[in-house]
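Good morning, and thank you for coming. I would ask you to look at the model on the screen while I go through a few of its local features.

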Amino acid sequence: MTAVTKERGRPRKFDRDQVLRLAMEVFLDRGYDGASVGDLTTAMGINAPSLYAAFGCKEALFREALDLYVTSAGPRTRDELHKRDVTAREAIQAMLREAARRFGEGRGCLVVLGATHRTTENEAVFHDLAERRNETQSLIRRRLKQGVADGDVPSKVDISTVAAFYATVLNGLSLQARDGASRKQLMGVVDCAMKAWAGLVGAT
């Protein structure tokens, strides 16, 4: 009897990386606010005490899941902006098309949809996500500046406004995907956004 009691009292072992990925999937589907601790523990296959022991709290779990999402999905989009053998226009188009391919799975982007409304409970998470979106806009801005240096973007262009426009398109693709837009429809949005390039930048 004593041996059985000890066996039942042992903390359950689990693959931390695996359950973190499962948590990320829940946050992708429901966002930070919509994912309850019960939803998370059910999907992760662990109990609440194990969740708290391994990750601290729901917010800490979300931050780790967000980091996992960004490192696994984000680089494919950002890497398109770092290419130097293409023009700024081609780099931004590739960034948007890569996003459309990923978002076309119907779930959108965790950085965009993780916490769409600021509340007293999610304020720190909301600001973290906003900062990450601002970082992406800064990358677009830097790529446009590189285009000016390379000569494929006119120096007179309002880089901040153009960067804000394409960041808005990027974020909007995520919302459209969550609302049910197909990958083909998202690619059509990208095509429309790139047709605006000449009017925004004044270069072909």
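Ser174 belongs to helix α9; helices here are DSSP runs of H or I with at least four residues, numbered from the N terminus. Ser174 is buried, at a relative accessible area of 0%, where buried means under 20%, exposed over 50% and partly exposed in between, with a 1.4 Å probe and protein chains only. A polar atom of the Ser174 side chain lies 2.6 Å from the backbone nitrogen of Cys109. Leaving aside residues up to four places away in sequence, Ser174 touches Phe103, Gly108, Cys109, Val112 and Leu113, contact being heavy atoms within 4.5 Å.

The model is predicted, so local features need pLDDT of at least 70 and side-chain atom pairs pLDDT 80 or more, while totals for chains, interfaces and linings use all residues. Residues are numbered from 1 along each chain as its sequence is written, and side-chain values use heavy atoms, without hydrogens and water.

As for pLDDT, the predictor's confidence in each residue from 0 to 100, the protein averages 89, and 91% of residues score at least 70. Residues 1-11 stay under 50 and have zero contacts beyond four places in sequence.

Let us turn to helix α10. Which of its residues are buried? They are Leu186, Met187, Val190, Ala193 and Met194. These buried residues fall within an arc of 115 degrees seen down the axis of α10, so they line one face; the arc is taken from the directions from the helix axis to the C-beta atoms. Lys184, Cys192 and Lys195 are exposed on the other side of α10. The cover over the buried residues of α10 includes α6, α9 and α11.

Key: Helix = DSSP H or I, 4+ residues; strand = E, 2+ residues; numbered from the N terminus. Polar contact = N/O pair within 3.5 Å; in protein donor to acceptor, adjacent residues only side chain to side chain.
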